[in-house]
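Q: Hi! I have a structure open and I'm new to this. Could you walk me through it?

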Amino acid sequence: MKLVKKVEPQTVLNAITELSGFTSEDLSSDVSGGPTADWRHLGMYIAKEYGIPLKTIGAMFGRHFSTVSSAERKVKSLLQHEEVSSAIDKIKAKVENTQEE
């Protein structure tokens, strides 16, 4: 069993926008590649880690919920890369710090 603290979707989105420099509009745009999509995928992965429902995550990023599952698989396959794992750690720390305020 994995117990996680409830996190509001907006908290995850705020952490991603703050760390990436992209706006929430950028992250939910039609851009399907490059850095915008990479940060979107990380955001979807983190949101899923915090137990946010797939449909809610999809709505957060302007995508169908099935895209969330694809993003999760993609990020999981990249976890061994330092850049990806470091970004995830930073996002989670930002979310956790926001939760404590």
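Q: Great! What kind of model is this?
A: This is a predicted model, where local features need pLDDT of at least 70, side-chain atom pairs count only at pLDDT 80 or more, and totals for chains, interfaces and linings use all residues. Residues are numbered from 1 along each chain as its sequence is written, and side-chain values use heavy atoms, with hydrogens and water left out.

Q: How many helices and strands does the protein chain have?
A: The protein chain has six helices and zero strands. Both are DSSP runs numbered from the N terminus: helices are H or I with at least four residues, strands are E with at least two. Read from the N terminus, the elements go α-α-α-α-α-α.

Q: And why is the protein chain called as compact as a globular protein of that length?
A: Because its radius of gyration is 12 Å, close to the 13 Å that the globule rule gives for 101 residues. That radius is taken over C-alpha atoms, and the rule is 2.2 Å times the number of residues to the power 0.38. Along the principal axes, the C-alpha atoms fill a box of roughly 35 × 30 × 30 Å.

Q: What share of the residues is buried?
A: Of the 101 residues, 36% count as buried. Buried means under 20% relative accessible area, exposed means over 50%, and partly exposed is in between, with a 1.4 Å probe and protein chains only.

Q: What about contacts between residues at least 6 apart in sequence?
A: Among those contacts, 62% join residues at least 24 apart. A contact means heavy atoms within 4.5 Å.

Q: Switching topic: what can you tell me about helix α1?
A: Helix α1 covers residues 9-20, which is twelve residues, and reaches 17 Å from its first C-alpha to its last. That is close to the 16 Å expected at 1.5 Å a residue; the expected span is 1.5 Å times one less than the number of residues. Its buried residues include T11, V12 and L13, and A15, I16 and S20 are buried too. After α1 comes G21, with a positive phi near 85 degrees.

Q: Could you zoom in on T11?
A: T11 is found in α1 and counts as buried at 10% relative accessibility. T11 and V68 are 57 residues apart in sequence, and their C-alpha atoms are 17 Å apart in space.

Q: Is A59 buried or exposed?
A: A59 counts as exposed, at 61% relative accessibility. A59 belongs to helix α4, residues 54-60.

Q: Last one: which residues does E72 touch?
A: Leaving out residues up to four places away in sequence, E72 touches Y45 and K48. E72 lies in helix α5, residues 65-78, and is buried, with a relative accessible area of 14%. Y45 is also one of the buried residues of α3.
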